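User: I'm new to this one. Can you walk me through it?
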Amino acid sequence: MIDKGKTVQHALTTALKIRQKAKVRLTDALCIYDLAEANGIAEVRFIDIPSLEEFYWKDSRMIIVSSLRPAGRQAYNCAHGFGHHVFSHGTCIAGVPSDETGARKFDPNEFLVDCFAGFLMMPSSTVSHGFTARGWQPRDCTPLQVYTVAAWLGVGYSTLIQHLRDVLKFISRTHAETLFKAKPKQLRARLVGREASENVVVVDPHWTGRPVDIEVGDLILLTPGMTFRGDCLELVEERTDGTILRGVAPGANGQLACAETEWGAFVRVSRRGYIGRNRFRHLEDPDHVSD
Amino acid sequence: MSKEDIKAAIAARLRAAREAAGLSQGQVARELDLHRPTVSEIEAGRRSVSAEELAEFARLYGVETWWLSCSDPEDKASVDMARYQLAARQLSKMKPADFNRLMDLLSTFRTQGNER
């Protein structure tokens with residue numbers, strides 16, 4: 001019988017050590033793909049296999065992530081695979097549970113790396129800072145606030161709610177249920193004023209620690225007072241509550257700035273549903289044809 | 001296999017490896033300092049590839065040179081071991097067709113010792 005409390009503590013301390021070693025501040029979000037490749041993983045690859053979540057190949061120190069999942073889940077899956085590497089587990093595969101198998105059986109290694117992935121991407125201080133820096137409180141957060149912070153952390157909306165409720169205990173079960181009722185699709189529509197099938201990322205001057213990574217076609221809602229430049233982005237709409245940008249071509253030359261606060265962030269755009277090596281994800285493409 | 005068949009097989013593998021690496025022909029041309037039509041001619045099987053070029057493609061795509069050149073070695077121990085381990089323990093987590101596709105891809109990727 002494993003001691004779950006000890007396992008959680010082990011996952012937390014290991015995740016914090018990795019962040020410290022990688023010089024990621026506790027007030028910063030991180031790019032898990034870059035972090036993994038800078039800390040022992042030889043390569044992260046994206047492939048389009050439907051029933052795969054993530055695969056960690058020990059002998060080659062490689063993580064393969066299914067490109068068919070939403071961006072936040074891909075990142076979490078990579079953190080999960082990175083956990084297998086950090087804890088020296090063997091080659092592991094995470095597939096989508098089929099109807100026949102149902103929920104996954106309890107596996108101590110899987111539990112450990114799940115906890116690790118959560119703490120690596122969403123430590124208590126980072127999550128707390130994500131809300132308070134924007135003048136919000138986790139305990140009474142709204143769906144749009146959770147959506148904004150989740151995008152900054154690079155995780156899914158539901159993943160952050162679960163983490164706030166079950167791990168960090170920042171919100172009650174009742175509050176979590178209310179938050180779960182709001183769907184990302186509805187939130188995206190509220191943000192851009194129309195139905196939006198593409199991803200929408202809210203970027204404000206509290207976006208720190210990692211570049212804004214989007215796919216071609218995704219939208220960025222910039223809060224007022226910010227400027228942008230770069231061939232990979234185009235202006236969609238200027239509004240009183242902000243500016244809407246769209247990713248139009250692969251590249252890493254997008255720049256956002258706020259003259260008033262001297263804040264700045266890079267934007268990296270990848271092909272839609274990118275398949276390939278992580279190192280080429282944001283490479284400019286002379287063959288790219290805009291829709 | 002005839003010489004033409006081998007050339008066509010290598011061309012098909014070069015294309016598959018490029019796509020799996022996430023690169024367009026234009027990006028490959030830029031990265032390897034080639035003319036773009038050269039890349040498309042090679043992938044169409046209309047131009048031969050030297051051993052040096054094949055090694056360069058393999059490095060860029062992160063695959064084994066032997067796989068690109070269609071000369072699969074007898075000893076693929078690491079891939080076979082991964083295949084065995086996964087098949088034994090975890091096949092139920094993926095659909096068989098997806099699992100086989102994953103294993104086929106793995107057998108092309110460069111192993112750690114050959115990387116870079």
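User: Which residues touch the most other members of the largest nonpolar core?
Analyst: This is a predicted model. Its largest nonpolar core has 115 residues, and those touching the most other members are A:I32, A:F82, A:L160, A:V203, B:Y61 and B:L102.

User: Which helix gives this core its largest share?
Analyst: Helix 4 of chain A, residues 108-121. Eight core residues come from there.

User: Back to B:Y61. What is it in contact with, leaving aside neighbours within four places in sequence?
Analyst: From chain A, A:R45 and A:R277. From chain B, B:L14, B:A17, B:R18, B:A21, B:L23, B:V28 and B:E43.

User: Where does A:R277 lie?
Analyst: A:R277 is in strand 13 of chain A, which covers residues 276-277.

User: Is A:R277 buried or exposed?
Analyst: Buried. The relative accessible area of A:R277 is 0%.

User: And which backbone oxygen lies 2.6 Å from a polar atom of its side chain, I mean that of A:R277?
Analyst: The backbone oxygen of B:L60.

User: Switching to chain B. How many helices and strands does chain B have?
Analyst: Seven helices and zero strands. Read from the N terminus, the elements go α-α-α-α-α-α-α.

User: What percentage of chain B is buried?
Analyst: Of the 116 residues in chain B, 42% are buried. As for contacts in chain B with a separation of 6 or more, 60% join residues 24 or more positions apart.

User: Now helix packing. At what angle do helix 6 and helix 7 of chain A cross?
Analyst: Roughly 105 degrees, and their axes come within 9 Å. Angles from 65 to 115 degrees count as roughly perpendicular, so helix 6 of chain A is roughly perpendicular to helix 7 of chain A.

User: Which residues make that contact between helix 6 and helix 7 of chain A?
Analyst: Helix 6 of chain A brings A:P143, A:V146, A:Y147, A:V149, A:A150 and A:L153. Helix 7 of chain A brings A:Y157, A:L160, A:I161 and A:L164. The contact of these two helices has 10 nonpolar residues, no polar and no charged ones. A:L160 was also named among the core residues that touch the most other members.

User: What about helix 6 and helix 9 of chain A, at what angle do they cross?
Analyst: Roughly 95 degrees. The axes of helix 6 (residues 143-153) and helix 9 (residues 184-192) of chain A come within 10 Å. That makes helix 6 of chain A roughly perpendicular to helix 9 of chain A.

User: Which residues make this contact of helix 6 with helix 9 of chain A?
Analyst: On helix 6 of chain A, A:P143, A:L144 and A:Y147. On helix 9 of chain A, A:P184, A:L187, A:R188, A:R190 and A:L191. The contact of helix 6 with helix 9 of chain A divides into six nonpolar, no polar and two charged residues.

User: Where is A:R61 found?
Analyst: In the loop between strand 2 (52-57) and strand 3 (62-66) of chain A. A:R61 has 25% relative accessibility and counts as partly exposed.

User: And A:K169, what is its phi?
Analyst: About 55 degrees, which is positive although A:K169 is not a glycine. A:K169 is in the loop between helix 7 (157-167) and helix 8 (173-181) of chain A.

User: Is A:K169 buried or exposed?
Analyst: Exposed, because A:K169 has 60% relative accessibility and the cut-off is over 50%.

Definitions and conventions:
Residues are numbered from 1 along each chain as its sequence is written. Chains are lettered from A and ligands numbered from 1 in the order in which they are written. This is a predicted model: local features need pLDDT of at least 70, side-chain atom pairs count only at pLDDT 80 or more; totals for chains, interfaces and linings use all residues. Side-chain values use heavy atoms; hydrogens and water are left out. Axes are lines fitted to C-alpha atoms, for helices over the stretch in contact, and angles run from 0 to 180 degrees between N-to-C directions. Helices (H or I, at least four residues) and strands (E, at least two) are DSSP runs, numbered from the N terminus. Angles under 35 degrees count as roughly parallel, over 145 as roughly antiparallel, 65 to 115 as roughly perpendicular and the rest as oblique. Contact means heavy atoms within 4.5 Å. Ala, Val, Leu, Ile, Met, Phe, Trp, Tyr, Cys and Pro count as nonpolar, Asp, Glu, Lys and Arg as charged, and the others, Gly among them, as polar. Buried means under 20% relative accessible area, exposed over 50%, partly exposed in between (1.4 Å probe, protein chains only). A polar contact is a pair of N or O atoms within 3.5 Å; within protein, one must be able to donate a hydrogen and the other to accept it, and residues adjacent in sequence count only if both atoms are side-chain atoms. A nonpolar core is a set of buried Ala, Val, Leu, Ile, Met, Phe, Trp, Tyr and Cys residues joined through side-chain atoms within 4.5 Å.
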